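Thanks for coming. Please have a look at it first.

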There are 2 protein chains.
Amino acid sequence: MNTPPNDRGLPGTNLDPWFNSYAQRTAGLSASEVRALFAVASRPEVVSLAGGMPYVSALPAELITSAMERVMRESGPMALQYGSGQGTMVLREHILDIMALEGISGSVDDVVTTTGSQQALDLVTKLFIDPGDVILAEAPSYVGAIGVFRSYQASVAHVAIDEHGLIPEALRETIARLRGEGRTIKFLYTIPNFHNPAGVTLTRERRAEVLEIARRNEILVLEDNPYGLLYFDEKPPEALRASDDDGVIYLGSFSKTLAPGFRVGWALAPHAIRDKLILAAESATLSPSSFSQLIIAEYLRTADWQGQIDTFRDVYRERRDAMLSALNEYLPHLSWTVPTGGFYIWLTLPHELDAKQMLPRAVKELVAYTPGTAFFADGRGRHAMRLSFCYPTPDRIREGIRRLATVINGELDLLQTFAGTGALDAARPDSHYASPPPDLD
Amino acid sequence: MNTPPNDRGLPGTNLDPWFNSYAQRTAGLSASEVRALFAVASRPEVVSLAGGMPYVSALPAELITSAMERVMRESGPMALQYGSGQGTMVLREHILDIMALEGISGSVDDVVTTTGSQQALDLVTKLFIDPGDVILAEAPSYVGAIGVFRSYQASVAHVAIDEHGLIPEALRETIARLRGEGRTIKFLYTIPNFHNPAGVTLTRERRAEVLEIARRNEILVLEDNPYGLLYFDEKPPEALRASDDDGVIYLGSFSKTLAPGFRVGWALAPHAIRDKLILAAESATLSPSSFSQLIIAEYLRTADWQGQIDTFRDVYRERRDAMLSALNEYLPHLSWTVPTGGFYIWLTLPHELDAKQMLPRAVKELVAYTPGTAFFADGRGRHAMRLSFCYPTPDRIREGIRRLATVINGELDLLQTFAGTGALDAARPDSHYASPPPDLD
């Protein structure tokens with residue numbers, strides 16, 4: 001081999017003849033340590049509060065089937081063919097209508113359809129990140145975003161949040177500290193609505209303040225908004241993008257308001273960035289699926305899609321209520337966030353408990369969750385977990401929380417029994433993981 | 001801005017407030033200079049011999065519609081949901097059957113379904129390429145691959161080919177020269193069957209020799225085979241991957257044998273590489289479309305897919321014959337390759353003609369092609385063009401070649417008239433382009 005030796009400690013590499021050939025960026029590429037556990041957790045007897053799978057069974061299949069039949073009858077060859085790298089015009093026009101619900105007025109020319117909004121996240125990162133560049137993100141942040149950022153060798157700097165979302169003062173301080181260290185900050189990645197995993201929503205006042213801080217510091221904002229239309233009571237404040245066309249790249253998705261199986265999302269980019277985004281998208285996948293895009297466009301043209309989103313809202317509201325009520329009943333001594341939309345609750349454990357260490361015991365008790373460490377780039381989050389209420393039925397959610405309480409309370413009892421004996425103080429590894437699957441399983 | 005100034009000369013950047021923020025890799029990201037022309041060339045009165053669009057109208061729409069109806073009836077929620085990052089098991093099993101037709105025996109565990117084989121190309125490049133690393137590729141090579149390679153700051157070293165494909169001696173010499181210069185060669189990218197754009201096929205003897213050279217030099221082979229089943233007379237020799245499990249990543253696609261609108265392709269990777277490829281795929285798009293994958297799997301399970309490929313073969317054979325006969329009739333003084341499958345003929349012009357410079361005149365005469373420069377990373381190819389026979393009907397192909405001959409012969413006449421006057425010796429720009437669209441339009 002003419003490549004330099006590599007000792008990045010990737011698993012199983014001693015059997016890999018190409019061990020010395022991988023790019024440096026693969027050092028950030030590691031499988032979830034809990035991946036095997038999640039495979040177990042997908043067995044039907046386990047209540048999984050771990051995934052981010054929408055409840056697609058609430059979508060009538062015939063709406064999709066009939067849209068698809070019409071598409072194939074009326075424009076079959078177009079659906080089966082390559083399309084524009086920017087995405088199909090007819091879908092991009094519908095996307096403008098959807099974004100208008102969140103206060104955004106954009107041009108159809110600035111919408112880029114992507115293979116899920118995950119691809120948009122990947123492409124934006126590819127466009128902006130040189131190794132070592134800093135991305136600001138909430139503490140905690142979306143596991144799949146952290147994985148992408150790491151895959152381009154970005155350094156993620158977490159910014160503190162509270163129940164009202166990102167804390168402007170913490171953002172200011174983080175920027176000042178990093179610039180003082182001579183670091184290059186490329187963008188702020190934020191999920192303002194029904195945050196994954198924290199379940200919180202950025203207030204209207206803070207939105208203005210965050211935008212002002214970003215503008216003053218010339219930092220681009222990457223606004224990820226897959227859950228915005230899934231509010232339970234009242235609409236969240238307008239999108240950040242609604243009041244800043246040049247400084248915000250907005251990411252939207254059909255995965256949560258329709259179905260993730262199509263893999264269709266989009267970016268609304270500042271005009272100057274838009275061309276580069278299209279070129280990057282074409283390089284990555286040539287074009288998004290014409291088949292998926294035309295079916296979604298036909299669905300949006302003919303079905304009561306807003307009524308369908310209302311149905312999803314009702315489903316998830318009931319499940320959120322079930323989880324909150326079960327938490328109140330079974331784990332009243334702990335604290336958690338109270339989401340007003342979306343899929344997730346963030347549960348904080350007593351400091352002596354480690355969510356990742358506890359997971360095997362939980363799976364044995366037939367309940368699964370995602371440990372908090374998944375949502376940090378820096379090893380934090382051990383004393384927290386994300387609980388998803390999107391997929392199981394209310395009864396199952398209740399049973400899942402009951403089982404979880406058994407595990408947590410059992411651990412706490414054990415700690416109390418052995419308190420002071422030193423038997424439980426063995427070193428705990430501080431590793432973390434970054435690949436997206438926990439969000440899917 | 002806390003980022004260093006940037007003077008990479010990207011177009012329109014003076015209006016871009018984020019001009020100084022882009023990653024260094026975006027320096028390789030440039031729009032095709034002929035993109036605007038191709039937009040004109042997509043008008044119906046123009047015979048486009050430029051695109052790589054398969055003739056999907058030869059696929060009966062009801063085969064897709066009925067497969068989709070069964071999928072939605074029998075496994076709708078699975079089709080609408082996120083899937084495995086590696087791809088749906090049932091489709092991966094069918095993919096093994098397809099690869100068996102080319103002599104490949106692999107494990108279903110080593111197949112990774114991707115968003116078109118373009119995504120696999122992107123992910124493999126992301127896994128292996130650090131800036132400055134060398135990728136070996138045929139001279140010429142696929143425009144979309146060159147774009148991907150450039151987007152990861154690879155250096156492409158072209159290796160000479162002839163009518164029998166890659167020349168082993170040229171491969172040996174290129175490797176020796178690059179290693180002598182201390183360069184790091186990461187992989188050989190090759191299209192052994194019905195090469196895009198050259199139309200040639202690597203002989204059986206040379207396949208063994210190329211593999212032997214790669215093995216001896218510990219160079220990974222990336223075998224791209226979208227056209228292998230679209231042979232006109234006899235099957236091409238077995239795939240490279242058929243005789244080397246550890247040294248070859250094989251890329252396959254449904255885009256040419258079924259339909260590109262699904263955006264489904266695959267990689268068969270050496271076992272050691274497979275895990276990293278899945279992680280990279282999950283990071284990029286979470287999972288391939290379950291909807292597309294299940295419909296394709298159902299199509300393969302129930303339809304006469306091999307009969308359908310026979311139909312495509314008949315369609316493209318007739319079109320190849322039409323193009324060859326028209327070339328013989330209208331441009332007998334030029335030379336071209338004679339493909340035995342696939343979509344493309346490579347036409348060599350007299351040295352005094354420049355295919356890119358001539359393109360506006362051709363479009364004015366209502367015929368389009370892709371200039372040879374698109375297929376080189378180093379500005380070569382000015383005196384050649386790719387002619388696609390996949391999409392227009394035989395009559396249109398014949399008319400297109402007639403128009404092309406008018407343009408070529410007109411240019412030659414002009415040159416002869418003004419020979420020696422110096423009037424035509426103005427400097428010609430040596431720029432080139434790399435984005436994939438010419439292959440799509």
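Let me begin with an open sheet in chain A: four strands in the order E10-E11-E14-E13, paired antiparallel. Strand E10 (335-336) and strand E13 (370-371) of chain A are at the edges with a single partner strand each, so one side of each has no neighbour in the sheet. This is a predicted model, in which local features need pLDDT of at least 70 and side-chain atom pairs count only at pLDDT 80 or more, while totals for chains, interfaces and linings use all residues. Residues are numbered from 1 along each chain as its sequence is written, and chains are lettered from A and ligands numbered from 1 in the order in which they are written.

On terms: helices (H or I, at least four residues) and strands (E, at least two) are DSSP runs, numbered from the N terminus. Strands pair if DSSP finds at least two bridges between them. E13(A) and strand E14 (residues 384-388) of chain A are joined antiparallel by two bridges, and A:Thr370 stands opposite A:Arg386 in E14(A).

Next, strand E2 (111-114) of chain A. It is joined to strand E9 (residues 265-268) of chain A by four bridges, antiparallel, with A:Thr113 opposite A:Trp266. Both faces of E2(A) are covered: A:Val111 and A:Thr113 on one side, A:Val112 and A:Thr114 on the other, are all buried. Buried here means 20 or more other C-beta atoms within 10 Å of the residue's own, with C-beta atoms placed from the backbone.

What does helix H9 (290-302) of chain A pack against? Of its 13 residues, 11 are buried, among them A:Phe291, A:Leu294 and A:Tyr299. The buried residues pack against helix H2 (61-80), helix H3 (89-100), E2 and helix H10 (305-330) of chain A, together with helix H9 (290-302) of chain B.

That brings us to the interface. Counting contacts as C-beta atoms, placed from the backbone, within 7 Å, 78 residues of chain A touch 77 residues of chain B. Elements of chain A that each supply at least two residues to that side include H2, helix H4 (116-128), helix H8 (271-285) and H9.

Finally, symmetry. Chain A can be laid on chain B with an RMSD of 0.0 Å by a turn of 180 degrees and a shift of 0.0 Å along the axis, superposing by least squares on C-alpha atoms of residues with pLDDT of at least 70 in both. The two copies are thus related as by a two-fold rotation axis. As 99% of the interface residues of chain A are also interface residues in chain B, the copies meet through the same surface.

Definitions and conventions. A residue is buried if 20 or more other C-beta atoms lie within 10 Å of its own, exposed if 12 or fewer, and partly exposed in between; C-beta atoms are placed from the backbone. Two residues are in contact if their C-beta atoms, placed from the backbone, lie within 7 Å.
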